[in-house]
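Dear colleague,

Please find the structure below, together with its sequence. My notes on what was found follow directly after it.

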Amino acid sequence: MRYLVVIALMLAIVGCQSITDMVPPDTTEAELVTDGETLSELRDLPPPAGQIPVSVYAFRDQTGQYKPSSGASSFSTAVTQGATSILVQTLAETAWFLPVEREGLQNILTERKIIRAASEEKNLPDLPPLTTARIIIEGGIISYDTNIRTGGIGAEYFGISASQLYREDQISIYMRAVDVRTGQVLVSVSTSKKVLSQEVRAGLFRYVSLRRLLEAETGYTTNEPMFQCVKQSIEKAVSQLITQGMEKGVWRSREV
């Protein structure tokens, strides 16, 4: 009975994590990506005097780092390769910018050729010109540093052990707004975000009799999703881009 009490205490040491949470489910349902504090901060900015057409050709991973792996080679990248899509979505969430499609520009031009050929046969009016951008958003993910800080705490007493380990990584993003007419860099900002991971474990290793050994172990790990870290960094960079642009007089809000 006393060993059952010890096991119960081990579960209490691990924390409020329940047994059902530690066992992974067989299937999960798709869900919407929740809005974070950085996106709320972006939406709370003052309204602009007018929307600015912007284009994004490429905003990608410039670190070239791959996920660490033991044994076989791995070609999975450490950070997401879809930062361009995240940035376009973030720009569309604001009232300041009107993003125009440039990453899939060739697909648009192909479809316009098809529509133009069909319009000539049916004598239909020609297509309107594509929307031109006044500003190009350039930059990318320029750094991914691992094991910036590691540490933990643990204790063991008569075969009963408990420990907690943590690790901090960091990603950095540079973003700049370039004037299409002059090529001048109007505003340039940089942001960084820590990627947190932790592991909590508890164990029991005890001889209950001469030939009977009791061994039990429990624990869990949590890793901050890299997608969420990149998304928050981009949202923070866009927010700072708007704020610094207002301070420099590059654009102004409706309230001014």
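Phe-158 lies in the loop between β4 and β5, where strands (E, at least two residues) and helices (H or I, at least four) are DSSP runs numbered from the N terminus. Its phi is positive, about 50°, although Phe-158 is not a glycine. Most residues other than glycine have a negative phi. Phe-158 counts as exposed because its relative accessibility is 55%; the class requires over 50%, buried means under 20%, and partly exposed lies in between (1.4 Å probe, protein chains only).

Asn-147, in strand β4, also has a positive phi, near 55°. At 45% relative accessibility, Asn-147 is partly exposed.

Please note that this is a predicted model, in which local features need pLDDT of at least 70 and side-chain atom pairs count only at pLDDT 80 or more, while totals for chains, interfaces and linings use all residues. Residues are numbered from 1 along each chain as its sequence is written, and side-chain values use heavy atoms, leaving out hydrogens and water.

In α4, the buried residues include Ala-83, Ile-86 and Leu-87. The buried residues of α4 fall within an arc of 160° seen down its axis, so they line one face of the helix; the arc is taken from the directions from the axis to the C-beta atoms.

Kind regards
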